[in-house]
Amino acid sequence: MSGFVFSEKPITIESGEGPYLYDDAGNEYLDFGANYAVAPLGHSHPAVTEAVQQQAETLTYVQASYPTEVRTELYDRLADASPEGALPNVWLCNSGTEANEAAMKFARAATGNSKIIATKRAFHGRTMGALAMTWKKKYKAPYEPLAGDIEFVTYGDDEELAEVVDEETAAVFLEPVQGEGGIHPATIEYLERAREITDETGSALVFDEIQTGVGRTGTLWACEQAGVVPDMLTTAKGIANGMPLGATLCADWIAENHGDHGSTFSGNPVVCAAANATIETLLAEDIPTHAGDVGAYLMESMETAAADHDLPVREVRGNGLMIGIEVKRGANRVLRDLALNHGVLALPAGRTVVRLLPPLIIEESHADEVVDALTEALS
Ligand SMILES: *Cc1c(COP(=O)(O)O)cnc(C)c1O
């Protein structure tokens, strides 16, 4: 028997340690996708494992209306770590799409409006609301009609944004670097203009940092590099180093008028323990800065290799350890070659982009290994 939703890969993974995964035949793979950015500290990090074990022995579940220390600690950690400490109100859920779904609801409640602006190429998740804000037709068509009142604008075009956002706009959703859409970083000016435009109309600016956050781009949140604070920030993927957690961090004006939301598993103690250990380790060891440095090194090495070996590479782009290599042929063939012949697991982002989202703890030697593998796979 097998699940029917995912297409299965021809490798059975048995265990993981640091940036490596191991299959049932004992083969080693360098995980340069961190399985969709969920393992910033690497697989089975001892601090997270210990936190999970201890919490599982103490209390595995209590609903979120009963305060419990481990959850309160996570609320405080996320509030303190939010951009400029300005998003101290935390909603916890189980995934990225739920974090965005909550942000859509909160924005509607707080503004009294329903119109939401999203961007072409955006990816915000697969539930009916978040999916409505996602661009790719293939993901949406079989399930329509989705949630209504979503308008799409061209990512990076601040003039178009200024034209469509008005007093009836509940929210603008942006990824600071579009991930699934092909690794497209926003300019600082675009994020600044988005802030000004939404301030003028009283609309909520929401940054979806589900892929960019948790240190991946060199700072804990990518928006910190632009100095732009949104009204809500959503996070998930790596926030609990692989345990299922999403969070919506909200400004006071949103929290004060958020409607009525809830979820049985909100703030599950075991998951909170994993997140506390993840965030504590990440900040104590200044891993975001390390990610920024190794990421810059990797991008430069890849550009040099592409030029030296005349590789079919159109562009290397990204920020920190969120890197896209746009190739002149199908990315899937390259990815298959990387996995089966070089023991390197990476991801696509559309048909022509090889996407690298490694654990943030990789060293330059790992980057060298992957650049060499890519050079061979592309030659
Ligand atoms: C992965 C992702 C999501 C959806 O998260 P899930 O946990 O898969 O629901 C939303 N937004 C962005 C930017 C993502 O990368």
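Biologist: How do you know that the length of helix α13 agrees with its 15 residues?

Modeller: The expected span is 1.5 Å times one less than the number of residues, so for residues 364–378 it should be 21 Å, and the end C-alpha atoms of α13 are 21 Å apart, which agrees. Helices here are DSSP runs of H or I, at least four residues, and strands are runs of E, at least two, numbered from the N terminus. This is a predicted model, where local features need pLDDT of at least 70, side-chain atom pairs count only at pLDDT 80 or more, and totals for chains, interfaces and linings use all residues. Residues are numbered from 1 along each chain as its sequence is written, and side-chain values use heavy atoms, leaving out hydrogens and water.

Biologist: Why is E326 called buried?

Modeller: Buried means under 20% relative accessible area, exposed over 50%, partly exposed in between (1.4 Å probe, protein chains only). E326 has 17% relative accessibility, so it counts as buried. E326 belongs to strand β14 (residues 322–327).

Biologist: What makes the pairing of the E326 and R317 side chains a polar contact?

Modeller: A polar contact is a pair of N or O atoms within 3.5 Å; within protein, one must be able to donate a hydrogen and the other to accept it, and residues adjacent in sequence count only if both atoms are side-chain atoms. The side chains of E326 and R317 make such a contact at 3.0 Å, and the side chain of E326 makes another with that of T352, at 3.0 Å.

Biologist: Which polar side-chain atom lies 2.7 Å from a nitrogen atom of the ligand?

Modeller: One of D208.
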